[in-house]
Amino acid sequence: MLSTVILAVIGGLALLGVPYGQQPPAPATASAATAAKDPSTAAVSPASQPTVHGPPSPAPATSSASTPSALEPPLPPHGEGPVGDRAIQHSLEAAWPDDLPAGDERELLTAGRALLRADATGVGRANWPQVFPASGQAVVAPAFATAHFRIQAAIARRDGSPDRAVVHLVWAGMDRGGTFADLRISDWHFTRTTSQKGAATWAPQTRT
């Protein structure tokens, strides 16, 4: 540390010792003067040209910055169709790494997909009476047609504790007005329950 400070002080003193009139001109000024006297030199020498796209160095930083985008492809544009569903699935998995046992994840994904289809199209609502009651509070009518409904991607992850989970779903569908849209997002939350016989299962939380 001491030697570094000494070298810094010596360097500063050396700079102060150079007379003002003998100080070398700024690189930009010298390049501009050279270009004005000899235009052909300015055209040949790339160092005299202004940087438009940012500093060209260091090269390793540029290549490393482009690595994540190559590993994680961006989401496909709207209207890509089933061809782009794989990229959406990869994006979800990259954003939220696995944190559930494989058996729990399969159970949650099956339930989450069925609940989303029942909620959007009305198909299978009778299988979830705790979520879609047949009496009492009025049930919202299905808003999307079954013909154009498609789940594009889905993952199941923990939701703050081992006994809570959430299923993230991305889907596409056509509403009653005939408007089709994809990359829609829905979340279904679950809690782990244990029966009197000791069997554990995931139960969906009712929406308020």
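Author: In this predicted model, the side chains of Asp 163 and Arg 192 meet in a salt bridge, with N and O 2.9 Å apart. Asp 163 lies in the loop between β1 and β2 (164–174), whereas Arg 192 belongs to strand β3, so the pair ties together parts that are 29 residues apart in sequence. Asp 163 has a relative accessibility of 43% and therefore counts as partly exposed, and Arg 192, at 27%, also counts as partly exposed.

Arg 192 also forms a salt bridge with Asp 104, at 3.4 Å from N to O. This second pair links distant parts of the chain, since Arg 192 is in strand β3 (residues 180–194) and Asp 104 in helix α6 (residues 102–121), 88 residues apart. Asp 104 counts as buried, because its relative accessibility of 15% falls under the 20% limit.

The structure holds five salt bridges. One of them joins Asp 85 to Arg 150, whose closest N and O atoms are 3.0 Å apart. Asp 85 lies in helix α5 (residues 85–95) and Arg 150 in strand β1 (residues 150–158), so this pair ties together parts that are 65 residues apart in sequence. With a relative accessible area of 10%, Asp 85 is buried.

The strands named here belong to an open sheet of four strands, which follow the order β1-β2-β3-β4 with antiparallel pairing. At its edges stand β1 and β4 (200–204), each with a single partner strand, so one side of each is left without a neighbour in the sheet. Neighbouring strands of the sheet are turned against each other by 25 degrees on average, direction ignored. Within the sheet, β2 and β3 pair in the antiparallel sense over 10 bridges, and Arg 164 stands opposite Thr 191 in β3.

Helix α6, which carries Asp 104, lies across β1, β2, β3 and β4 and runs at about 125 degrees to β3.

Methods. Residues are numbered from 1 along each chain as its sequence is written. This is a predicted model: local features need pLDDT of at least 70, side-chain atom pairs count only at pLDDT 80 or more; totals for chains, interfaces and linings use all residues. Side-chain values use heavy atoms; hydrogens and water are left out. A salt bridge is a side-chain nitrogen of Lys or Arg within 4 Å of a carboxyl oxygen of Asp or Glu. Helices (H or I, at least four residues) and strands (E, at least two) are DSSP runs, numbered from the N terminus. Buried means under 20% relative accessible area, exposed over 50%, partly exposed in between (1.4 Å probe, protein chains only). Two strands pair if DSSP finds at least two bridges between them. Axes are lines fitted to C-alpha atoms, for helices over the stretch in contact, and angles run from 0 to 180 degrees between N-to-C directions. Contact means heavy atoms within 4.5 Å.
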